[in-house]
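Hi,

Here is the model I promised to pass on to you. Have a look at it first, and my notes follow below.

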Amino acid sequence: MEDRLKALKEVAQEYPICDECIGRLFPDMEGKNNRERGKKVREMLELPESKECYFCRGIFNRLEEIARSLDPHPYLFETFILGTHLDRELIQREEMLLERVGVVEGIESLKKNINRELGKKIQEIHGKRYDPENPDMEIIFRTENERFELHPKPLYLYGRYRKYSPMPQSKWPCRYCKGRGCPRCDYTGRQWKETVEYYVADVLLALTMGEETKLHAAGREDIDARMLGNGRPFVIEITRPRRRRIDLELAREEINRHGGGKIEVLCLLPSSRREARELKSTPLDKVYVAHVRCKGGVKGEELEKLRSLEGAVITQRTPSRILHRRSDRVRKRKVKKLSWRLTGTHTFDLVIEAEHGLYIKELVSGDDGRTSPSVSEILGKDCFVEGLDVVEVRGGRTCWDG
Ligand SMILES: [Zn+2]
Ligand SMILES: [Zn+2]
């Protein structure tokens, strides 16, 4: 202690140093904070009080003024986390100070010290709450110009959607302009004018004034398949939202109005990055209704043969319709449950409960033998899917408690 005090005295005779910076070096000294400990040390050494400081550039004496210069505009937020970015010069000065005075256990870094003290002032002056667990905003303080940068955290919302009309799930930017807008897309920037994501995003971006959206869904149905029943779970991520506290029920109603009967969102709830990740990585089982047509007609008693598909493991090579974008592989998936209902002389509905990843259209058609067994193979006639509905997606949060 004696040596360190002596070394400090020498430093203080060469460079101005504030109480906060002195106190930081003596965690073993009594006192409830750095400032108090610093004052005690300074008085012991009979040094004059200094507002100027070579080591923090006087930041600790200007905390109030600096915190006031933070302009939260255009963002509305309640909680924040603060990170300080030290410039090269201050880092070197801190290194020199520690080298001369010597390091003991418990010495705080300048960076941490600024984060804490400036964070307190920001709370006080702006009425925001410091929350390292779940901050709305990441504030970066840069010492080189003593300015703040605002990095709003994305907003995550959970929902389940139904889709009644053919359209892709995710946004699909124009392939010529990559979404900027050009004559070929009528300046919409969209290859497909309608997708589930666009309907949801249009409303949420307007309400939150965010920058863009990313849709994280639990799988996807074919463009021409309907999504019915309890809907498909999704999390939509909105980047750089200016407003975060929106009325989710009103937003949901607005989305459904905008969807005009083509899509519908069954609920909209607060969510998280973690839920988005979970949804994308956990495959969910589904129940489908396939509207099937068979060439040459079909009779009720024939359909009894389909019983053999229940519990069967289906071997599928990559469907020929997607071979252009996927490699040719073999997958095995189980049909868990199967039932049917005759709907005409050539048509019937097939209700299939399947393991995730089973290609339903090919389960029916057989895809020229690439899928086996198949409905066509068992019935001995060419059958195909005229329309496909997903009627249940198992998993994800339900929209109604209980
Ligand atoms: Zn200082
Ligand atoms: Zn375009």
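Let me begin with one of the metal sites. Along the chain, the donor residues of the zinc ion (ligand 2) follow the pattern C-x2-C-x4-C-x2-C. Cys 174 and Cys 185 both sit in the loop between strand S5 (155–163) and helix H7 (196–208), so this pair ties together parts that are eleven residues apart in sequence. Helices (H or I, at least four residues) and strands (E, at least two) are DSSP runs, numbered from the N terminus.

Before going on, a word on conventions. This is a predicted model, so local features need pLDDT of at least 70 and side-chain atom pairs count only at pLDDT 80 or more, while totals for chains, interfaces and linings use all residues. Residues are numbered from 1 along each chain as its sequence is written, chains are lettered from A and ligands numbered from 1 in the order in which they are written, and side-chain values use heavy atoms, with hydrogens and water left out.

Back to the zinc ion (ligand 2): its protein donors are the SG atoms of Cys 174, Cys 177, Cys 182 and Cys 185, at 2.2 to 2.3 Å. Donors here are N, O and S atoms within 2.8 Å of the metal (3.2 Å for Na, K and Ca); water is not among the atoms, so sites may look incomplete. The four donor atoms subtend angles of 101 to 112 degrees, which makes the arrangement tetrahedral (for four donors, all angles between 85 and 135 degrees). Cys 174 and Cys 185 are both buried, where buried means under 20% relative accessible area (1.4 Å probe, protein chains only). For Cys 185 the value is 2%.

The zinc ion (ligand 1) is held by Cys 18, Cys 21, Cys 53 and Cys 56, again through SG, at 2.2 to 2.3 Å. Its donors are spaced C-x2-C-x31-C-x2-C, and angles of 103 to 113 degrees make this site tetrahedral. Cys 18 and Cys 21 are buried, with Cys 21 at a relative accessible area of 0%.

How many disulfides does a search of the whole structure find? There are two, counting pairs of cysteine sulfur atoms within 2.5 Å.

- Cys 267 is joined to Cys 399, S to S 2.0 Å. This link is left-handed, with -60 degrees about the S-S bond. It connects strand S8 (residues 263–270) with the segment after strand S14 (383–393), and the two cysteines are 132 residues apart. Cys 267 is buried at 6% relative accessible area, and Cys 399 is buried at 15%.
- Cys 294 is joined to Cys 383, S to S 2.2 Å. This link is right-handed, with 105 degrees about the S-S bond. Cys 294 lies in strand S9 (residues 286–294) and Cys 383 in strand S14, 89 residues apart. Both cysteines are buried.

Numbered in sequence order, the bonded cysteines pair 1-4, 2-3.

Finally, the chain as a whole. The protein chain has twelve helices and 14 strands. Its radius of gyration is 32 Å, well over the 21 Å that the globule rule gives for 402 residues, so the chain is more spread out than a compact globule. That radius is taken over C-alpha atoms, and the rule is 2.2 Å times the number of residues to the power 0.38. The C-alpha trace spans about 105 × 45 × 40 Å along its principal axes. Of the 402 residues, 48% count as buried.

Best wishes

Key
Tetrahedral: all angles 85-135°; square planar, octahedral: opposite > 155°, others 65-115°. Buried < 20%, exposed > 50% of the residue type's maximum accessible area, 1.4 Å probe, protein only.
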